[in-house]
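Colleague: I'm new to reading protein models. Could you walk me through one, feature by feature?

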Amino acid sequence: MLAVVGAILPLALVVWFSPTRVMAATALLLSGRARAVPGAYAVGWVVGIALYIAVFTIFGAAIGAIQLPSLKGDAWFLDALVALVMFGSAALAWRARPRPGSEPRPPRLTRMIGRLTPMSALGLGLAVSIVSPLHLAVAAAVGVDIATGGLAAAAQLVVVVVFVVLSTSSVTIPVGAAIVAPDRAEAPLRRLQTWLSDHGTALLVVVLLVIGVDFVGRWIAALF
């Protein structure tokens, strides 16, 4: 089980470091809205990621159950696809970065905050976790890794829970801290928001490129 957890940790980092999603959560927390709104956003975020991973894990297990050729060995095309998505996402993020000397524009998600109710925040959390080619590629790769890891169903469930908890903690921890201790959390949240606005894109590009190179290595190993 630990080997499978180790294999999916880099992919958890991709979901964990989603600057616009984290900035949306911090902006909700700093907006003075009722705590139910950021709480609902965090719940939607977690549920969306969990559904994605569960669906692909079940799909991969089903393929193995009908005795098709080894999914792990024949999934080199998935490694190539994930690498392409990582490189493409890095390129798009780099192109969209604020130019030197220009004022960073708040992400569109943060501009929607004033209109959100708890139900719409829940829907937004679900949408930003599911409607994402990057998350789709990550979920597919994680699902294959879990389904082909030779684990019992209970162990697979544990790995899914570990992935979801780790990958979504960049949103759930700030939201939880602000709900439990709002006065003490305000200053760190403002610093986090400023830091993400200034450096989030550059760090995201680095993370995506590193994970992309890792999947190129997987692809080469599967072919040769």
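Modeller: Gladly! Let's begin with helix 1, residues 2–16: its 15 residues reach 20 Å from the first C-alpha to the last, close to the 21 Å expected at 1.5 Å a residue. Keep in mind that this is a predicted model.

Colleague: Where does helix 1 bend, and by about how many degrees?

Modeller: The bend is at L9, by about 40 degrees, and a proline, P10, follows within four residues.

Colleague: Which residues of helix 1 are buried?

Modeller: First, the general idea: an α-helix has 3.6 residues a turn, so residues three or four places apart point the same way. In helix 1, the buried residues are V4, V5, I8, L11, A12, V14 and V15.

Colleague: Is L29 buried or exposed?

Modeller: L29, which lies in helix 2, counts as buried because its relative accessibility is 5%, and the cut-off for buried is under 20%. Beyond its neighbours within four places in sequence, L29 is in contact with R35, P38, P174, V175, A178 and L189. L29 and R190 are 161 residues apart in sequence, yet 9.8 Å apart in space, C-alpha to C-alpha.

Colleague: What lies 2.8 Å from a polar side-chain atom of S169?

Modeller: That is the backbone oxygen of L166. S169 sits in helix 9 and, leaving aside neighbours within four places in sequence, touches W16 and P174.

Colleague: Where is confidence lowest, and where is it highest?

Modeller: As a general rule, where pLDDT is low, the predicted coordinates should not be read in detail. Here the lowest mean is 54, in helix 4 (residues 71–74), and the highest is 90, in helix 9 (residues 153–180). The protein chain averages 82, with 85% of the residues scoring at least 70.

Conventions:
Residues numbered from 1 in each chain as written. Predicted model: local features only at pLDDT ≥ 70, side-chain atom pairs only at ≥ 80, totals over all residues. Heavy atoms only, no water. Helix = DSSP H or I, 4+ residues; strand = E, 2+ residues; numbered from the N terminus. Expected span 1.5 Å × (residues − 1). Bend = angle between axes of the 7 residues up to and from the residue. Buried < 20%, exposed > 50% of the residue type's maximum accessible area, 1.4 Å probe, protein only. pLDDT = per-residue confidence, 0-100. Contact = heavy atoms within 4.5 Å. Polar contact = N/O pair within 3.5 Å; in protein donor to acceptor, adjacent residues only side chain to side chain.
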